[in-house]
Amino acid sequence: MFRSLWQYRHFIISSIRGDLRGRFVRSRLGGLWFILHPLAQAVIFSIVLSEVLKARLPDTETPAAYPIYLLSGMAAWTLFSEILTRSMTVFIEQAPVMKKIAFPRLCLPVIVGGSALINQLLLLVALFIIFIFLGHLPGRALILLPLGIVLIAAIGFGLGVILGVMNVFVRDTAQVMTIVLNLWYWLTPIVYPANVLPEQYRFMVDLNPIAPLVALYQDALLFNRWPNPESLIMPAILGLVSMAFAMVFFRRASPELIDVL
């Protein structure tokens with residue numbers, strides 16, 4: 001599978017380029033949406049919630065601490081949710097192409113993942129511009145951000161391929177996961193800091209593999225502190241296991257994909 005992906009690398013690169021170009025076609029603002037969308041969300045949440053949560057953000061005296069905290073967490077979640085949700089439906093959406101053109105089917109989620117990574121880089125550039133306007137510059141802990149990106153992409157890609165194959169055979173998979181992702185979002189300390197949760201609900205954050213990665217973004221972009229290495233063990237294991245299982249699962253199911261589609 002990996003050899004075939006390498007042989008079709010030019011197809012993957014051109015498809016990623018076409019996917020990005022398609023997002024801006026007929027759009028007068030184009031790439032500005034990468035700045036306007038997160039900024040609008042931050043403004044809305046800040047107006048509604050910052051007066052309540054501002055005093056509870058620990059270890060920072062930054063005036064715009066809550067918007068930065070929120071934007072940092074949303075950047076991490078955006079990468080995860082984009083890879084996962086688009087991978088879940090990519091085989092169904094590209095069924096006509098799969099039936100007409102012979103190429104490794106695994107190229108499709110790889111294209112989704114590559115496009116999401118480029119979107120993430122553009123989003124981070126937009127966030128840095130916003131942070132400058134807010135009078136905040138991230139510190140040296142920023143060098144750990146690529147580690148968070150890799151782990152989030154691995155988990156999102158692994159789970160996305162597994163659920164994408166399942167969605168071909170059981171079309172309710174994507175509908176169920178939409179509900180699960182909405183719940184997962186609110187169980188992840190993005191809008192609120194983890195220390196405001198009641199003690200009896202803290203275990204949900206401890207069992208959430210995305211929570212340490214969101215915290216890594218927030219630590220790097222706001223608090224300028226290094227994450228606890230032990231907190232990254234579970235996300236790293238989940239990323240490796242999900243990727244390995246996804247490859248095995250996809251290889252066994254791929255001969256039947258076209259027939260079911």
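**Ground rules.** I number residues from 1 along each chain as its sequence is written, and side-chain values use heavy atoms, with hydrogens and water left out. Since this is a predicted model, local features need pLDDT of at least 70 and side-chain atom pairs count only at pLDDT 80 or more, while totals for chains, interfaces and linings use all residues.

**Overall fold.** I looked up the secondary structure and got eleven helices and zero strands. Helices here are DSSP runs of H or I with at least four residues, strands are E runs of at least two, and both are numbered from the N terminus. From the N terminus on, the order reads α-α-α-α-α-α-α-α-α-α-α.

The chain has 261 residues, and 46% of them are buried. For me buried means under 20% relative accessible area, exposed means over 50%, and partly exposed is in between (1.4 Å probe, protein chains only). The accessible surface comes to about 13,900 Å², with 67% of it on carbon and sulfur atoms. Those areas are from the Shrake-Rupley method with a 1.4 Å probe; for residues, only the protein chains shown count as cover.

I also checked contacts (heavy atoms within 4.5 Å). Of those with a separation of 6 or more, 82% are between residues 24 or more positions apart.

**Helix α7.** I checked the length of α7, residues 145-169. Its 25 residues should span 36 Å at 1.5 Å a residue, and the end C-alpha atoms are 36 Å apart, so the two agree. The expected span is 1.5 Å times one less than the number of residues. I found 19 of the 25 residues of α7 buried, so I noted the helix as mostly covered.

**Helix α6.** This one runs over residues 107-133. Its 27 residues should span 39 Å, and the end C-alpha atoms sit 39 Å apart, which agrees. After α6 comes G135, with a positive phi near 80°.

I then picked Q120, which is in α6. Q120 is buried at 2% relative accessible area. Leaving out residues up to four places away in sequence, Q120 touches A75, A76, L79, I149 and Y217.

V125 is also in α6, but V125 is partly exposed at 48%. V125, I129 and F133 make a nonpolar surface patch of about 330 Å². Patch residues have over 30% relative accessible area and no salt bridge; like charges are joined within 9 Å, and nonpolar side chains (Val, Leu, Ile, Met, Phe, Trp, Tyr) within 5 Å. A salt bridge is a side-chain nitrogen of Lys or Arg within 4 Å of a carboxyl oxygen of Asp or Glu.

**Aromatic pairs.** I count eleven in the structure. Rings of Phe, Tyr and Trp (its six-membered ring) pair if their centres lie within 6.5 Å; planes under 30 degrees apart are stacked, over 60 edge-to-face, the rest tilted.

F11 and F103 have ring centres 5.2 Å apart and planes at 45°, so I logged the pair as tilted. F11 is in helix α2 (residues 9-24) and F103 in the loop between α5 (95-100) and α6, 92 residues apart. F11 is partly exposed at 29%, whereas F103 is buried at 7%.

Next, W77 and W184: centres are 6.2 Å apart and planes at 70°, so this pair is edge-to-face. W77 lies in α4 (residues 65-93) and W184 in α8 (residues 172-186), so the pair ties together parts 107 residues apart in sequence. W77 counts as buried at 9%, and W184 counts as buried at 15%. One aromatic cluster takes in W77, F80, W184, Y185 and W186.
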